[in-house]
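Good morning, and thank you for coming.

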Amino acid sequence: MKKSILVLGIIGLSLVSCKKSETVTAADPATATEAVDHGQEGVQDDESNPNVVQLAAKNPDLSTLVTAVQAAGLATSLSNAGPFTVFAPLNSAFDKLPKGTVEGLLKPDKANDLSDILGYHTYVGVIKEDQMTDGQSLGMVNGKNITITIVDGKPVINGKAKIVATVPASNGIVYAIDEVLLPGK
């Protein structure tokens, strides 16, 4: 319970500290914008590598994950400097859950459960695939651990989830996986 409160406090502090207002002034008053209020996930930068949230948002196979991150209010936190290792379930992974699970988790009264699950997919730091070892345990953002095993030379998370794609981001690395990781399962 104390770890959950600490994690939520850190996430809340990140959300508050990254909130900023910008005033954009244009030569033509008709095109001027009064005040634009957004966190780092709203920063437009077409030259740098995208952050983990921007990467996920650009991939239609991760749309369910993006919806969940937005519903949990975690987009700003995952847009920060990091570094993060995100195990990102594909839409097909969410489809394997019992019918109604995703819809239920997206309800406002399930925000804590959703944050717990999403935190179980996020590691603070970068772990590259070649650094993963058999039996390795990683402490995730939600305070619980995942276990890496090596099967046929490839990492498998919690004995089930396989990495299907690896994409570096400006603030970490994203591994698209074929299963949803559930804390306590």
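This is a predicted model: local features need pLDDT of at least 70, side-chain atom pairs count only at pLDDT 80 or more; totals for chains, interfaces and linings use all residues.

Residues are numbered from 1 along each chain as its sequence is written, and side-chain values use heavy atoms, with hydrogens and water left out.

Let us begin with helix 7, residues 111-119. Helices (H or I, at least four residues) and strands (E, at least two) are DSSP runs, numbered from the N terminus. Which residues of helix 7 are buried? They are Leu114, Ser115, Ile117, Leu118 and Gly119. Buried means under 20% relative accessible area, exposed over 50%, and partly exposed in between, using a 1.4 Å probe and protein chains only. The cover over these buried residues includes helix 3 (63-71), helix 6 (101-105) and strand 4 (122-124); contact here means heavy atoms within 4.5 Å.

Strand 4 contains Thr122. Thr122 counts as buried because its relative accessibility is 6%. A polar atom of the Thr122 side chain lies 3.2 Å from the backbone oxygen of Leu118. Beyond its neighbours within four places in sequence, Thr122 is in contact with Leu78, Phe84, Thr85, Val86, Met140 and Val141.

Next, the aromatic rings. The structure holds 1 aromatic pair, meaning that the ring centres of Phe, Tyr or Trp (its six-membered ring) lie within 6.5 Å; planes under 30 degrees apart count as stacked, over 60 as edge-to-face and the rest as tilted. Phe87 and Tyr175 form this pair, which is stacked, at 5.5 Å centre to centre and 20° between the planes. Phe87 belongs to strand 3 (residues 84-89) and Tyr175 to strand 9 (residues 172-177), so that the pair links distant parts of the chain, 88 residues apart. Both Phe87 and Tyr175 are buried.

Finally, we come to two loops. Most residues other than glycine have a negative phi. Asp152, in the loop between strand 6 (145-151) and strand 7, has a positive phi near 50°. Is Asp152 buried or exposed? Asp152 counts as exposed, because its relative accessibility is 78%.

Asn158, in the loop between strand 7 (154-157) and strand 8 (161-169), also has a positive phi, near 50°. Asn158 is partly exposed, with a relative accessible area of 26%. Its C-alpha atom is 5.0 Å from that of Thr147, 11 residues apart along the chain.

Technical notes
A polar contact is a pair of N or O atoms within 3.5 Å; within protein, one must be able to donate a hydrogen and the other to accept it, and residues adjacent in sequence count only if both atoms are side-chain atoms.
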